[in-house]
Amino acid sequence: MSSDSPRQDNPGLRMGRPFGIPIYVSPTWFIVAAFITYSFQSVVASLLPDLSTPLTYVVAFVFAVLLYVSVLLHELAHCVVARMYGLPVRRITLYLLGGVSEIEREPETPGREFMVAFAGPLLSLGLAGIGFAASRLIAPDTVLGVLILQLWFANLIVGVFNLLPGLPLDGGRMLRAGVWKITRKPVSGTIAAAWAGRALAVGLVVFTVWSALVTGQEPSLMLVWSVLLAAFIWFGATQALRSARVRARIPAVNARALARRAIAVTGDVPLAEALRRAAEARAGAMVVVDHEGHPTGIVNEVAVEATPENRRPWVTAGSLSRNLEPSLVLAADLEGEPLIDAMRESPAGEYLLVERGGEIFGVLATSDVNRVFSGV
């Protein structure tokens with residue numbers, strides 16, 4: 001299951017960097033590993049009755065580890081193909097319900113989107129095929145035979161499940177690519193695949209309950225797992241819908257249109273005086289310049305608002321400014337995705353906008369950009 005999921009500051013234990021991609025294991029993995037070990041032990045005991053109880057738990061735990069190695073290979077397949085297309089990959093995290101590949105940029109074409117998404121299920125189905133062939137050659141009443149039998153079947157389930165057409169599953173991304181290709185609108189593809197994901201989530205729970213009623217069995221544990229998976233799918237689909245609404249508004253982000261008029265003040269000017277000049281010029285921002293007129297900083301709006309009025313005559317504008325690093329100077333004609341990317345690379349409250357010739361155009365406040373996406 002790959003996604004552009006929200007970043008976490010502490011994803012878990014770092015396990016290595018295959019292909020230069022950091023691999024992390026979330027603490028939640030140990031919960032599911034313990035559950036798989038406990039559940040699978042009875043299967044091992046029935047298939048290998050000559051093994052002692054402690055050894056059956058060891059074999060069950062080895063199965064849990066190998067299963068997540070299969071999930072890791074599934075995610076690596078996504079990431080390797082993504083990097084072939086020049087897409088940056090932040091990391092892979094293994095967690096409670098599988099794995100997440102954090103690919104930081106979307107493919108540029110629906111064809112590439114399809115190939116990145118399809119790589120994971122294709123590898124899982126390939127592992128299932130190899131495992132099935134190997135199971136024909138190895139005695140089923142051995143430890144290796146039992147592990148191979150269960151692993152090829154598990155990879156078959158992972159591959160088929162991920163091909164279901166609904167976000168955030170890989171099949172949902174493939175559906176998105178298809179709708180994108182037909183409509184030539186990636187946002188339309190996301191919306192269609194996200195709603196398909198929501199339908200899948202509901203259908204999964206309904207099918208589990210219906211199966212239990214038809215067979216006369218109590219849903220019990222199977223219902224718990226189906227609800228967990230349905231919640232994962234529903235949440236992922238909802239996040240995708242929100243992302244689509246955000247992306248639909250990105251073209252409206254225009255640096256010139258959102259820029260605030262700015263006045264230039266030297267750093268030793270009292271804040272009260274700087275504010276008076278700004279009000280007189282009907283400016284919404286202040287740029288600190290040196291005595292030769294070169295910009296050196298931007299007065300921070302939050303710091304100004306936090307300064308009591310009785311202190312403003314005694315505080316200089318320069319003391320409330322952020323040094324003007326090169327990354328905080330943006331071209332005034334930036335708009336859409338390039339503007340968002342530039343702001344993402346260097347998060348700040350304000351940016352200085354300049355013309356191509358270097359002349360100051362104004363100041364872009366992050367709060368004004370965020371307002372474009374408010375209510376999404």
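The legends below accompany close-up views of a predicted model.

**View 1. The largest nonpolar core and the elements that build it.**
This core has 34 residues, and those with the most contacts inside it are Ile 36, Phe 63 and Ile 92. The elements that give two or more residues to the core are strand E2 (23–25), helix H1 (28–47), helix H2 (53–84), strand E3 (89–95), helix H3 (110–135) and helix H4 (143–162). Of these, H2 gives the most, with 13 residues. When its neighbours within four places in sequence are left aside, Ile 36 is in contact with Phe 63, Ala 64, Leu 67 and Tyr 68. A second, separate core is made of 28 residues, including Val 287, Leu 330, Ala 332 and Leu 364.

In another pair, the rings of Phe 114 and Phe 118 have their centres 5.8 Å apart and their planes at 35°, so the pair is tilted. These two residues are 4 residues apart in helix H3, and are therefore separated by about one helical turn. Phe 114 counts as partly exposed because its relative accessibility is 33%, and Phe 118 is likewise partly exposed, with a relative accessible area of 25%.

**View 2. The second largest pocket.**
This pocket has a volume of about 1400 Å³. It is lined by 41 residues, of which the closest to its centre are Leu 67, Ile 157, Val 158, Trp 225 and Leu 229. H1, H2, strand E4 (98–103), H4, H6 and H7 each supply at least two residues of the lining, and the largest share, 8 residues, comes from H4. Sorted by class, the lining of this pocket has 27 nonpolar, 12 polar and 2 charged residues. Leu 67, named here beside the pocket centre, is also among the residues in contact with Ile 36.

The structure holds 1 cavity of 30 Å³ or more, and about 30 Å³ of space lies in the largest cavity. The lining of the largest cavity is made of Glu 106, Arg 176, Pro 186, Val 187, Thr 190, Ala 244 and Arg 247. Helix H6 (186–215) and helix H7 (220–249) each supply at least two of the lining residues, and H6 gives the most, with 3 residues. By class, the lining divides into 3 nonpolar, 1 polar and 3 charged residues.

Most residues other than glycine have a negative phi, and most peptide bonds are trans. The peptide bond from Leu 167 to Pro 168, however, is cis, with omega near 10°, and Pro 168 lies in the loop between H4 and helix H5 (170–183). Phe 19, a residue other than glycine, has a positive phi, near 60°. Phe 19 lies in the loop between strand E1 (13–16) and E2, where it counts as exposed because its relative accessibility is 59%. Arg 282 has a positive phi too, near 55°, and its place is in the loop between helix H9 (271–280) and strand E6 (285–289). With a relative accessible area of 77%, Arg 282 is exposed.

Val 80 is found in helix H2, and it counts as partly exposed because its relative accessibility is 29%. From C-alpha to C-alpha, Val 80 and Pro 270 are 56 Å apart in space, while in sequence they are 190 residues apart. Pro 338 has its place in helix H11 (residues 336–345), and is partly exposed, with a relative accessible area of 48%. Pro 338 and Val 44 are 294 residues apart in sequence and 55 Å apart in space, again taken from C-alpha to C-alpha.

Conventions
Residues are numbered from 1 along each chain as its sequence is written. This is a predicted model: local features need pLDDT of at least 70, side-chain atom pairs count only at pLDDT 80 or more; totals for chains, interfaces and linings use all residues. Side-chain values use heavy atoms; hydrogens and water are left out. A nonpolar core is a set of buried Ala, Val, Leu, Ile, Met, Phe, Trp, Tyr and Cys residues joined through side-chain atoms within 4.5 Å. Buried means under 20% relative accessible area, exposed over 50%, partly exposed in between (1.4 Å probe, protein chains only). Contact means heavy atoms within 4.5 Å. On a 1 Å grid over the protein atoms alone, a cavity is a set of points where a 1.4 Å probe fits but cannot get out, and a pocket is an open set with protein on both sides within 12 Å along at least five of seven lines; lining residues have an atom within 4 Å of a point. Grid points are joined across faces, edges and corners, and a volume is the space filled by probe spheres set on the points. Ala, Val, Leu, Ile, Met, Phe, Trp, Tyr, Cys and Pro count as nonpolar, Asp, Glu, Lys and Arg as charged, and the others, Gly among them, as polar. Rings of Phe, Tyr and Trp (its six-membered ring) pair if their centres lie within 6.5 Å; planes under 30 degrees apart count as stacked, over 60 as edge-to-face and the rest as tilted.
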